[in-house]
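Please keep the sequence and the structure in view as you read.

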Amino acid sequence: MINASLCHRRLIIRRTGGGDVVGASLGVFEEAALTSFDLAFSVNGALVRRSLGSSWDTPFEAVDPVREFSWHKGGHGFAGWYYSATLRDHVGYESWLERDRLILLDRDPQVVAIASQPFWLHWHDGTRKRRHAPDYFVRLSDGRARVVDVRAADEMDGATREAFEATEHACRAVGWEFERVGRPEPVFMANIRWLSRYRRARCGRPVAVRNGLLEVFREPMGLWEGAGLVGDRLQVLPVLFHLLWSGALRTDLAGGLMESDSLVWTEGIRWAA
């Protein structure tokens, strides 16, 4: 494993989702990691390789994937492209589990940019050369960076654990967050998948319907009943689902699958159950 050397503090400069460069809080750099890890990433269609210390401030949220998305017959993978409402662009995935994580990232108001397979992380484990391509690089609204690896707990093996540990070590050295995520709670995820069909901004119009829903659900009531109070449900329901996707309206997404009598209320309104 990589040996950590004496750490010292240094000002970290981060990019926001809009491309601005802002100063963040002081972070810890591990000197050994800055040179022991390399990052290989795409620049104008060509793969370049640089030390972690000289490339960590690259806007990885905007890079192309370092490898093609693929799956094998009989395997568990299933590659595809997910349209992100946050990016207004497609992001690649290699499994349904990765697709589900993309949906959750797309719904997270803190997330402003996502890139899949953003770089190869290279290192030597003391015996042989290793490399790993994290699943996602995420930029948050306050400029923080997060590297996400997606793997179900029952699909973890020794090599995968070692790769994730090395990735976490490299991230920690340059002030990035690292997150290993598995399967989301199934009922919650089923509801989020349904709402993701209404993630595009156009589903939140017309404004009069949107405002009507926010007003009606100031008093918690059933989904179907509240929609009928605002107007023609064929027009109102897509807007309602968009507001549930964005969080402007709330319902219990984990307690059961959404139904016509699911209780809905306006975000920010406190009420007694």
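**From a strand pair to the cores**

In this predicted model, five bridges join β9 to strand β12 (residues 136-140), and the two run antiparallel. To find one of the contact points, look at A113, whose bridge partner in β12 is R139.

Now step back to the whole sheet. It is open and has four strands, ordered β9-β12-β13-β14, with mixed pairing. At the edges you will find β9 (111-116) and β14 (177-181), each of which pairs on one side only. On average, neighbouring strands of the sheet are turned by 25 degrees against each other, direction ignored.

Helices pack on this sheet too. Helix α3 (residues 96-107) touches β9, β12, β13 (145-150) and β14, and its direction makes about 5 degrees with that of β12. Helix α4 packs on the sheet as well, touching β13 and β14, and its direction makes about 155 degrees with that of β14.

Stay with α4 for a moment. This helix covers residues 158-173 and reaches 23 Å from its first C-alpha to its last, close to the 22 Å expected. Its buried residues include F164, H169 and C171. After α4 comes G175, with a positive phi near 80 degrees.

The largest nonpolar core has 41 residues, and Y136, L213, L240 and L244 have the most contacts inside it. Helix α8 (residues 233-246) gives the most to this core, with eight residues. Leaving aside residues up to four places away in sequence, L240 touches L213, F217, L223, A227 and L249. Another core, of 25 residues, lies apart from that one, and L52, L121, A145 and M156 are among its members.

Key
Residues are numbered from 1 along each chain as its sequence is written. This is a predicted model: local features need pLDDT of at least 70, side-chain atom pairs count only at pLDDT 80 or more; totals for chains, interfaces and linings use all residues. Side-chain values use heavy atoms; hydrogens and water are left out. A nonpolar core is a set of buried Ala, Val, Leu, Ile, Met, Phe, Trp, Tyr and Cys residues joined through side-chain atoms within 4.5 Å. Buried means under 20% relative accessible area, exposed over 50%, partly exposed in between (1.4 Å probe, protein chains only). Contact means heavy atoms within 4.5 Å. The expected span of a helix is 1.5 Å times one less than its number of residues. Two strands pair if DSSP finds at least two bridges between them. Axes are lines fitted to C-alpha atoms, for helices over the stretch in contact, and angles run from 0 to 180 degrees between N-to-C directions.
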